[in-house]
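Subject: Structure handover

Dear colleague,

Please find the structure below. My notes on what was found in it follow.

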Amino acid sequence: MKLWPISFNLIGTLKGYEVGKLRNKLWIVFEGEQGLDYGGLAREWFNNLTTNIFNPYYGLFEYSATDNYTLQINSNSGLCNEEHLLYFRFIGRIVGMAVFHKSSSMDSYPTFYSMMLGKITLKTWSPWMLIYTPV
C-alpha cells in the first residue's frame with residue numbers, strides 16, 4: 001500500500017510555516033477510487049495510516065518484552081531507519097491532525113491518547129503501558 005509514503009511526502013515534508021494547512025478541512029481522494037469525502041474517506045485514511053504508523057515493520061516502534069499487543073518506541077530506530085526523526089515528526093503531525101479533526105482513529109491507542117490529553121503524566125507513565133489495543 002502506498003498510503004504511508006504518499007502521506008509522508010505530502011505532510012511530513014511541510015515546512016514549519018506551512019503546517020497550519022493541516023487544520024484546514026480535509027479532502028481525501030484515494031488513487032483509483034471515486035468517491036466524495038463527507039468524512040468517510042478521511043476516517044478511512046486516518047485509520048489505515050495510524051495502523052501503518054505503529055507497525056513494527058518500519059522499525060520506529062517495537063513490541064514490548066511482555067506481549068505482542070504492547071508497543072514502545074524502538075530505541076534502535078535510528079539503526080533501522082536513518083530518517084527516523086523525520087518519521088517521528090510526521091507521526092506527531094498525524095496524531096495532532098487526528099485529535100484536531102476529531103478522528104476516532106486514536107481510540108485504539110488509549111494510553112498514548114490519554115498521555116497527550118494530560119490524564120497520564122510522565123511521572124505516572126511507564127514504557128510498558130499498553131499503547132495499542134486491538135479492536
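Predicted model: local features only at pLDDT ≥ 70, side-chain atom pairs only at ≥ 80, totals over all residues.

**Overall layout**

The secondary structure of the protein comes to five helices and two strands. Read from the N terminus, the elements follow the order α-α-β-β-α-α-α. The protein has 135 residues, and 37% of them count as buried. Its accessible surface is about 8,700 Å², and carbon and sulfur atoms account for 57% of that. Taking the contacts between residues at least 6 apart in sequence, 54% join residues at least 24 apart.

**Helices H2 and H4**

Two helices that pack together are described by the angle between their axes and the distance between the axes. For helix H2 (residues 40-53) and helix H4 (residues 84-100), the axes come within 11 Å and cross at roughly 145°. The crossing of H2 and H4 is left-handed.

Which residues of H2 and H4 meet? On the H2 side they are Trp45, Phe46, Leu49, Thr50 and Ile53, and on the H4 side Phe90, Ile91, Ile94, Met97 and Ala98. By class, this contact of H2 with H4 holds nine nonpolar residues, one polar residue and no charged residues.

**The nonpolar core**

The largest nonpolar core has 26 residues. Within this core, the residues with the most contacts are Trp45, Leu49, Ile53, Phe90, Ile94 and Met97. Helix H1 (3-12), H2 and H4 are the elements that give two or more residues to this core. H4 gives the most, with seven residues.

Leaving aside residues up to four places away in sequence, Met97 touches Ile11, Leu22, Leu26, Trp45 and Phe46.

Leu41 is placed in helix H2. Is Leu41 buried or exposed? Its relative accessible area is 17%, so Leu41 is buried. Between Leu41 and Trp27 there are 14 residues of separation in sequence, and their C-alpha atoms are 8.2 Å apart in space.

His84 has its place in helix H4. Why does His84 count as buried? Buried means under 20% relative accessible area, and His84 is buried because its relative accessible area is 17%. His84 touches Leu60, Ser77 and Gly78, again not counting residues up to four places away in sequence.

**Two asparagines in loops**

Asn55 is found in the loop between H2 and strand S1 (61-63). With a relative accessible area of 29%, Asn55 is partly exposed. Asn55 and Leu71 are 16 residues apart in sequence, while their C-alpha atoms are 9.0 Å apart.

Asn74 lies in another loop, the one between strand S2 (71-73) and helix H3 (77-80). Asn74 counts as buried because its relative accessibility is 8%.

**Where to look**

To find your way around the display, you could begin with H2 and H4, whose axes come within 11 Å. From there, go to the 26 residues of the largest nonpolar core, and then to the loops that hold Asn55 and Asn74.

Regards

Note on methods
Residues numbered from 1 in each chain as written. Heavy atoms only, no water. Axes fitted to C-alpha atoms, helices over the stretch in contact; angles between N-to-C directions. Helix = DSSP H or I, 4+ residues; strand = E, 2+ residues; numbered from the N terminus. Left-handed = near helix turned anticlockwise from the far one by under 90°. Contact = heavy atoms within 4.5 Å. Nonpolar A, V, L, I, M, F, W, Y, C, P; charged D, E, K, R; others polar. Buried < 20%, exposed > 50% of the residue type's maximum accessible area, 1.4 Å probe, protein only. Areas by Shrake-Rupley, 256 points an atom, 1.4 Å probe, with all protein chains shown as cover. Core = buried A, V, L, I, M, F, W, Y, C linked by side-chain atoms within 4.5 Å.
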